[in-house]
Amino acid sequence: MKALEGVKILDMTHVQSGPTCTQLLAWFGADVIKVERPGVGDATRAQLRDIPDVDSLYFTMLNHNKRSVTVNPKTKTGKKIFTRLIEECDVLVENFAPGAIDRMGFSWENIQSINSRIIYASINGFGPGPYEECKVYENVAQCTGGAASTTGFLGGPPIVTGAQIGDSGTGLHLALGIVAALYQRETTGRGQRVTCAMQDGVLNLCRVKMRDQQRLEKGPLREYSQYGQGVPFGESTPRAGNDSGGGQPGWILKCRGWETDPDAYVYFITQAAVWGNICDLIGKSEWQDERGYASPEERLDKIPEIFEEIEKWTKTLGKLDVMRQCNRLNIPCGPILSMKELSIEESLKKTGTVVEVDHPTRGSYLSIGNPIKLSDSPSDVSRSPLLGEHTLEILRDLIGLSQEEIEEAVEEGGTGTEAATN
């Protein structure tokens, strides 16, 4: 039995943040019913297509293990169908612009009156405040949540990260909120609102930078490499390049082949506890006791010089060899792994973190599986649904519409033509 088996999710989400949340719940066994516009569907079905006229990887990789039903709640029959779905489901999830669901006639108060046990979960760009009506996308969230201002090199512009911490990060936060609300409902018997703002989600992932903002008010951040170089600090947490956020100096260093391979690099941390091992490894054993190098405090003004010496050693080896030699000596380091390398890594395939999925129109493709592993709950990845693929079975079997009612809904545009029966 899967962890969320028996839980029914009414998925009104689109693009990335909401679908990330509902896909995670589906992986844990929830019956996720993706509501899409008849004839159109989630906009990402057609975005960034690599094969003409089939669902894009953008869509398929965010909508595994779901069922698709087409409904237009703005029609009389569509409103009836949507109301019945609310009655049958445990959770409604949406990431529309603020007020969009209300304008369809389904305010939180209305939804509660239809099903007092339902959990209504939403993703917005911002919480209550001066920006709450503003639209937000991934990079906007990274910028307004503090990530961009602290990413990049000193003296350079702010930089957004390739990790989707705004969209997917907030989807993960919302999934936790939904599970918490489901758990509380076991005690109270009542549903509740669950909201996640993308700005809040990004800021939560930047908590160490908020930590440093408060430390900065008491004096310079001594573990930042700019301190050792004599560069003064401003009023805000600075961009720190590849400095380690944990207080130990860290740097990205070139490895053998870097001239032609853009990913021939390794992240290397000069952790104080293994300083002696580092010195021996790079042929600088004298640094262990030498004045100016022996203690972390003494080394603060020499960080660039120290990493330059370490890089002379790393450039003689492949990045995986660097990792192997460092790990034997408990020296923290990590090779820069490209998406190509990760896509063929057998260990990730064995754990289900990278999976191969068969799709009826696009064929086989690689995707990311459930990153959370439960010892007593299996989690598999099945393909994303075609647009409206499960409309008939949901209208007939889940909410109990008669064939006459289904045909009426098709005729009015309350659902798609795929619901028509022979």
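How much space lies in the largest pocket? In this predicted model, the answer comes to about 960 Å³. The lining of this pocket is made up of 29 residues, and those closest to the centre are Gln16, Met61, Leu62, Ser168 and Ile368. Several elements give two or more residues each to the lining, namely the helices α1 (17-27), α2 (57-60), α7 (167-188) and α15 (339-343), together with the strand β11. Among these contributors, α1 provides the largest share, with four residues. Sorted by class, the lining holds 18 nonpolar and eleven polar residues, while charged residues are absent from it.

The side chain of Asn370 takes part in polar contacts with both backbone and side-chain partners. One of its polar atoms lies 2.9 Å from the backbone nitrogen of Ile372. A polar contact of 3.1 Å also links the side chain of Asn370 to that of Ser379. Leaving aside residues up to four places away in sequence, Asn370 touches Leu24, Trp27, Phe28, Gly352 and Ser379.

Note on methods: Residues numbered from 1 in each chain as written. Predicted model: local features only at pLDDT ≥ 70, side-chain atom pairs only at ≥ 80, totals over all residues. Heavy atoms only, no water. Polar contact = N/O pair within 3.5 Å; in protein donor to acceptor, adjacent residues only side chain to side chain. Contact = heavy atoms within 4.5 Å. 1 Å grid on protein atoms, 1.4 Å probe; cavity = no way out; pocket = protein on both sides within 12 Å on 5 of 7 lines; lining within 4 Å. Points joined across faces, edges and corners; volume = space filled by probe spheres on them. Nonpolar A, V, L, I, M, F, W, Y, C, P; charged D, E, K, R; others polar.
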